[in-house]
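Me: Could you take a close look with me at the place where the two chains meet? I'd like one connected walk through that part, please.

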2 protein chains.
Amino acid sequence: MEKTYYESFERMEQFMAQAFAAIGVPEEDAKICAAVLIESDKRGIDSHGVGRFKPIYIDRINEGIQNPVTQFEVVRETKTTAVVDGHDGMGHVIGVKSMRMAIDKAKEYGMGMVVVRNSTHYSLMAAKEDMISITGTNARPSIAPTFGVENMLGTNPLTIGFPSDEAFPFVLDCATSISQRGKIEHYARIQKQMPEGWVINHNGAPVTDPETALKGFNNGSCALAPLGGIGEELGGYKGYGYATVVEVLSAALQAGTFLKALNGINPDGSKRPYHLGHFFIAIDINAFIPAGEFKKTAGDILRQLRASAKAQGEERIYTAGEKEYLAFLERSKTGIPMNAQVRKSLTDARDQLKVDFRFVWED
Amino acid sequence: MEKTYYESFERMEQFMAQAFAAIGVPEEDAKICAAVLIESDKRGIDSHGVGRFKPIYIDRINEGIQNPVTQFEVVRETKTTAVVDGHDGMGHVIGVKSMRMAIDKAKEYGMGMVVVRNSTHYSLMAAKEDMISITGTNARPSIAPTFGVENMLGTNPLTIGFPSDEAFPFVLDCATSISQRGKIEHYARIQKQMPEGWVINHNGAPVTDPETALKGFNNGSCALAPLGGIGEELGGYKGYGYATVVEVLSAALQAGTFLKALNGINPDGSKRPYHLGHFFIAIDINAFIPAGEFKKTAGDILRQLRASAKAQGEERIYTAGEKEYLAFLERSKTGIPMNAQVRKSLTDARDQLKVDFRFVWED
């Protein structure tokens, strides 16, 4: 069996910050990017952590479709609102600064909302300051509308978070599709058929073979189904509706790019920046009620849900953010597991950027 | 075949306003309640219109669990936020006044949010004033959490609306469960089996017989599945997550009642007010971008979605609010169809309240 290697949070955060700096990201911004990326690894969300470092960030900067230097331009601003142009800079820097603006506005006026254009990634900043947050982003087209078959909408996550009196915040961070490409790639690797309903082909029929689905995504003959599935029977129009809301809130408040135009390809076939849009809403709990009271009620609701009767064969009911917290506790002891693919991408990036760093698997 | 009777929007609105006034609702409030109820009939949402007038509103006022006179008390207020106590008054009056407050705050500061306690119903006011609205309400417990079987959460709609350059606004107004009781009652009437996934029994198995489900709701042995279905395979944890968000935003910002305590039954078995909570968020589009530009982009997104490739056998792709607008156009010509059950409930209410009104089926 393949040996499992683990790297600590601190070392990987340090490596990524060094490497980002080496490719031209200003030092402070490099630290922000590394801190946001490592947050995913800490919470067990491997699809968004160090595994993305090389293929998404380093490669895109090398291809010239992402600027390592982020110009954060405030295009329009009122007491509670702002429109920001990220000029195709580092999405994590734009995300953190936007959420910071929304939080500061909410602290002063009770609510804040910042809408961003021309960014290439997004992140949720955990609302550690007694704020409820509602955020969203559009993404390259992949979901088909209800009764449609064409990949029109991004996986468009609608993310909502709030604190409670528990050790971890409630964070519901999920795509408005049932599944997404990363999960289907995983099914392909382990040669497992997908449940009916995740993917639709150009006739409107469900696809269960992951290889067929992945090929279909590339040639446009397959699309993801919205949350609720294909057709209306299981509520697919609801997921489709939420995906549409996120597309509109991300694009229409900042005259941004949308739907098919987010595919990152120029008419001549060359790559271009994704020009994604995001929105960040912060709501100050203390404007309504002392935060301690809110947290107690929220905690009671979450605990009562978990304590309710389980289905046969199920031992546990979770609330959003709990599994990620459990992963964090586990990984705080073990470090981050590094598979062969991630190890190769990180050593490649290290060598390419000539960063002075030695990984544990090289000892 | 049974003859179909139709009543015009104007006549039914007038009748309900008269009848509400006759049972003690102040005249201005009676007009608001009638106007909100008729809005559902106009849009073809028969589950929420005149069909509810007698069994929900008149009967509850008679039972003493709803006050015809609404005290709208502002408990706490900041520039953008407010907490309102509705003192078990008329939900439509509370809803309209709360949304009005949120809109007025948004006009001045860019955003507004009002949270309500002790109300018994909610309504979305269509954002006709260039506002994006996000609203929600908790409800009597009926959804089971993922891996659970107990009815813990309400159908907890998360409703989002915005204007476009089209003849009707985008309004996504849907329960965070796949289905709901009214739809299942309809399946029982037409003796049709439900799709697997709508309802879960106390073992965690899907229930497809609507009679079994309805009996199970009453004795606690069945619950609704969240959007995404039973278990995690089709994303049920996402619908469960959104239902939880709505429960917390509706209750925890106003120290309100939640989950099982919303069942409307005292420990001694007698009925009591539902003590629901709601939240109303208004976001002023003009704070970000001239509303005309937003509406054009939003309209373009909606039109491109509808114009995308259809699944085999499907002739049309809809966007949220479109089917309701089509129903409105149709009913503007025909009036509201009145079935035997609705006709009886309205004549009963009329006779009981001694309102001077003659229905078309009595001519």
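Reply:

**Where chain A meets chain B**

Happy to. In this predicted model, the contact draws 69 residues from chain A and 69 residues from chain B. On the side of chain A that touches chain B, at least two residues come from each of β3 (81-89), β4 (111-119), β6 (158-162), β7 (170-174), α7 (236-251) and α8 (291-307) of chain A. Of these, α7(A) gives the most, with eight residues. Sorted by class, that side of chain A holds 39 nonpolar, 20 polar and 10 charged residues.

Now for how the two copies are arranged. Chain A is superposed on chain B by a rotation of 180° with 0.0 Å of shift along its axis, and the RMSD is 0.0 Å. The two copies are therefore related as by a two-fold rotation axis.

Chain A is divided into domain 1 (1-69 + 328-363) and domain 2 (78-178 + 225-320). Taken over C-alpha atoms, the centres of these two domains of chain A are separated by 24 Å. Where they touch, domain 1 of chain A contributes 11 residues and domain 2 of chain A contributes 12 residues. Helix α2 (residues 27-42) of chain A supplies the largest share of the domain 1 side, four residues. By class, that domain 1 side has seven nonpolar, two polar and two charged residues.

Finally, come back to α7, and look at the loop that runs from there to β11. In chain A, this loop between α7 and β11 (276-284) holds L259(A). L259(A) has a phi near 50°, a positive value in a residue other than glycine. L259(A) has 21 other C-beta atoms within 10 Å, and it counts as buried because the cut-off is 20 or more. In chain B, the loop between α7 (236-251) and β11 (276-284) is where you will find H275(B). H275(B) also is not a glycine, and has a positive phi of about 50°. With 19 other C-beta atoms within 10 Å, H275(B) is partly exposed.

Notes: Residues numbered from 1 in each chain as written. Chains lettered and ligands numbered in written order. Predicted model: local features only at pLDDT ≥ 70, side-chain atom pairs only at ≥ 80, totals over all residues. Contact = placed C-beta atoms within 7 Å. Nonpolar A, V, L, I, M, F, W, Y, C, P; charged D, E, K, R; others polar. Domains from an automatic or database assignment. Buried ≥ 20, exposed ≤ 12 C-beta atoms within 10 Å, placed from the backbone. Least-squares fit on C-alpha atoms with pLDDT ≥ 70 in both.
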